[in-house]
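Here is a short briefing on one structure.

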Amino acid sequence: MRVELVLENWQMFAEGVWMTLQLTGLSLLIGFCIALPAGIVRARRVPVLSPIINGYVYLFRGTPLLVQLYLVYYGLSQFEAVRESFAWPVLREAYWCALITFSLNSGAYATEIIRGAVETTPEGELEGARSLGLSPGQVTRLVLIPSALRRALPQYGNEVVFMLHGSVVASIITLQDILGAGRTLNARYYLAYEGFLTAAALYMSITLCLVLVFRGLERKYLAHLDIQAPKAKKMKFALR
């Protein structure tokens, strides 16, 4: 392991970390903005919108992320109408193609997470809010969404980690992310594994930080569920 070469090229890996975090963070943010209304629409089975969102979710969950990125980056450029459109200055750039693809992919997975959280929200919480005289919009905004997001935290934490790991495909279209920096190091110095081991260590470090953050959020926002579970068990035992 030639550690000195990794240390000499630390700036390249730092830029790769920034590119990875930037792509992952923006994709998750945009994907969440897509998923929140889409998940609620799916949970409530809105007649016209729900089938459209269902098709979108099936498309992006049913195909690999790499294929989606190829289709956006290489496929759209084959159409003259796209090259002559106002969107071409964006779609010809690898960065924007990766961001669009990752955002749509993350949005599809997050939609299902939020849909499940909305459907499992106890009806008693919503009835209690209605009994206070809240309008349907207020019930959704003040009760349903906060409760569903708290319950979705564990699953959404997994989605964040999966999106981080899935972002490695960005290096396929010339973006210098963490894996791209590792591949460049190996190619530059004819190395076999130093660049890949460094990339793996960086991904593991970021993943550990994300896991710790989400565990802290779960302890904070799901503490009431952890407290209620032992009480329910004691009550059940007492009834026996």
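Which residues of the largest nonpolar core touch the most other members? They are Leu23, Ala98, Phe102, Val118, Tyr156, Ile173 and Leu175, in a core of 38 residues. This is a predicted model: local features need pLDDT of at least 70, side-chain atom pairs count only at pLDDT 80 or more, and totals for chains, interfaces and linings use all residues. Residues are numbered from 1 along each chain as its sequence is written, and side-chain values use heavy atoms, with hydrogens and water left out.

**Nonpolar core**
- A nonpolar core is a set of buried Ala, Val, Leu, Ile, Met, Phe, Trp, Tyr and Cys residues joined through side-chain atoms within 4.5 Å.
- Buried means under 20% relative accessible area, exposed over 50%, and partly exposed in between (1.4 Å probe, protein chains only).
- α7 gives the most, with eleven residues.
- Helices are DSSP runs (H or I, at least four residues), numbered from the N terminus.
- Beyond its neighbours within four places in sequence, Leu175 is in contact (heavy atoms within 4.5 Å) with Leu23, Ala94, Tyr95, Ala98, Ala170 and Gly180.

**Loop residue Thr121**
- Thr121 sits in the loop between α7 (94-119) and α8 (123-131).
- Thr121 is buried, at 7% relative accessibility.
- Neighbours within four places in sequence aside, Thr121 contacts Leu144, Ser147, Ala148 and Arg151.

**Cysteines**
- Cys33 is exposed, at 52% relative accessibility.
- Cys97 is buried, with a relative accessible area of 0%.
- The structure has zero disulfides (pairs of cysteine sulfur atoms within 2.5 Å).

How values were computed
Helix = DSSP H or I, 4+ residues; strand = E, 2+ residues; numbered from the N terminus.
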